[in-house]
Amino acid sequence: MAFDDEALKRLRARYGEGHGGNIHDPEFRAVADRIFSASGTRAAPYSGIPTLLDAAYRPIDTVQPDLDDLDVALIGVPMDLGVTNRPGSRFGPRALRSIERVGPYNHVLKTAPLFEMKVADIGDVPFRSRYRLEMSHEDIEAYFNRVVQAGVIPLSVGGDHSITHPILKAVGRDRPVGMIHIDAHCDTGGAYDLTKFHHGGPFRNAVLDGVLDPTRVVQIGIRGAAEYLWEFSYESGMTVIHAEDLGRMGLDAIIEKARAVVGDGPTYLSFDIDSLDPAFAPGTGTPEIGGLTSRQALDILHGLKGVNFVGGDVVEVAPQYDTTTNTAHVGAQMLFEILSLIRFSPAIASGT
């Protein structure tokens, strides 16, 4: 079609007046109508009180929380007493809250999840002590029990990966769940230095507690020198996909495998930021070269649309090891992708 005076006239008639929210495509107009005011303005991404994904902030009574009208609760878990290397992921929730311009529209999954579900940032888990790891795990489990019992899906930001064990104890309390686990490490190691409650062993603990079904667990992106620690993954029946397998298998095959492993049952999604190569996310406690690109991670997540997700987390963002905000930015983006996936989870439709 030639661009002539008539074509220019048509474009001017359609787009020459009005404001950026005057969208004609029905799908995009439905999004714009929620974001733009009638006068054509929208909230500045750098203004207001920072929250996870710019969700509404909901202060709650931590003992008797009123969550009945929520679909998803965004929760910070600022605890890193379980690290085996560099500390600092206690600052992860605050770092992700400071990131602007993530969302609100997911153009691949075709959803604006904050506008299509009832979502709120309900703050951070309150801890009785900043020094006692086991007590912190008890606090996490008790807090998430209240969220789950209210019929709300928890989506969390850590904190080190040890936080996922007490979260799974709440999410898998009534029946063991499956898990899609994207990480550099299997995190199925045993006890050492006088404790089993560290970020290298949450999923061994969860299986042995009966809240995680290992035959419905797939671990993606595994690599590095700690392979000898992960025999529990293999013996318990977990599916392990190493980083080297990404090129050999291809992303489509990996997505298909992950979906087959977890099936239709309730599934948790745990995303460790060190699954990404340090070129993309250097701000983490145990970086491993040779990891996923941010593009690969997004493609894998996009392929999980429709999985029955009942919870999720993004962990191990330690922002002080990143001279830019890139690690926090990619962490916030992955959190947004998981929230977008929850929008299509049968758990949202069924209320379970």
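## Basis of the model

The structure is a predicted model, in which local features need pLDDT of at least 70 and side-chain atom pairs count only at pLDDT 80 or more, while totals for chains, interfaces and linings use all residues. Residues are numbered from 1 along each chain as its sequence is written, and side-chain values use heavy atoms, with hydrogens and water left out.

## The sheet

Nine strands form an open sheet with parallel pairing, in the order 1-3-2-4-9-8-5-6-7. Helices (H or I, at least four residues) and strands (E, at least two) are DSSP runs numbered from the N terminus, and two strands are said to pair if DSSP finds at least two bridges between them. The edges of the sheet are strand 1 (56–57) and strand 7 (239–242), each of which pairs on one side only.

Strand 4 (residues 153–158) is mostly covered, since six of its six residues are buried, where buried means under 20% relative accessible area, exposed means over 50% and partly exposed lies in between, with a 1.4 Å probe and protein chains only. Ile153, Leu155 and Val157 point one way from strand 4, whereas Pro154, Ser156 and Gly158 point the other way. Strand 4 pairs with strand 2 (residues 72–77) in the parallel sense over six bridges, and Pro154 is the bridge partner of Ala73. Three bridges join strand 4 to strand 9 (residues 309–315), again in parallel, and here Val157 has Val314 as its bridge partner.

## Strand 8 and its neighbours

Which residues of strand 8 point one way, and which the other? Thr267, Leu269 and Phe271 are on one side, Tyr268, Ser270 and Asp272 are on the other, and all of them are buried. Six bridges join strand 8 to strand 9 in parallel, and among the paired residues are Thr267 and its bridge partner Phe309.

Strand 8 is also joined to strand 5 by five bridges, and these two strands run parallel, with Ile182 standing opposite Phe271. Strand 5 (residues 177–182) pairs with strand 6 (residues 212–222) in the parallel sense, over five bridges, and Ile182 has Ile220 as its bridge partner in strand 6.

## Helices across the sheet

Helix 5 (residues 133–149) lies across strand 2, strand 3 (119–124) and strand 4, and it runs at about 170 degrees to strand 2. Helix 6 (residues 164–171) lies across strands 4, 5, 6, 8 and 9, running at about 170 degrees to strand 8. Such angles run from 0 to 180 degrees between N-to-C directions, and the axes are lines fitted to C-alpha atoms, for helices over the stretch in contact.

Helix 12 has 17 residues and reaches 24 Å from its first C-alpha to its last, close to the 24 Å expected at 1.5 Å a residue, a span taken as 1.5 Å times one less than the number of residues.

Ser294, Ala297, Leu298, Leu301 and His302 in helix 11 meet Val330, Gln333, Met334, Glu337 and Leu341 in helix 12, where contact means heavy atoms within 4.5 Å. Leu298 lies in helix 11 (residues 294–302) and counts as buried because its relative accessibility is 15%. Leaving out residues up to four places away in sequence, Leu298 touches Gln333, Met334 and Glu337.

Most residues other than glycine have a negative phi, and most peptide bonds are trans. Asp54, in the loop between helix 2 and strand 1, has a positive phi of about 60 degrees although it is not a glycine, and Asp54 is partly exposed at 43% relative accessibility. Asp187, in the loop between strand 5 and helix 7 (202–208), has a positive phi near 55 degrees, and at 4% relative accessibility Asp187 counts as buried.

A cis peptide bond joins Gly103 and Pro104, with omega about 10 degrees, and another cis peptide bond, with omega about 15 degrees, joins Gly158 and Gly159. Pro104 is in the loop between helix 3 (92–97) and helix 4 (113–116), while Gly159 is in the loop between strand 4 and helix 6.
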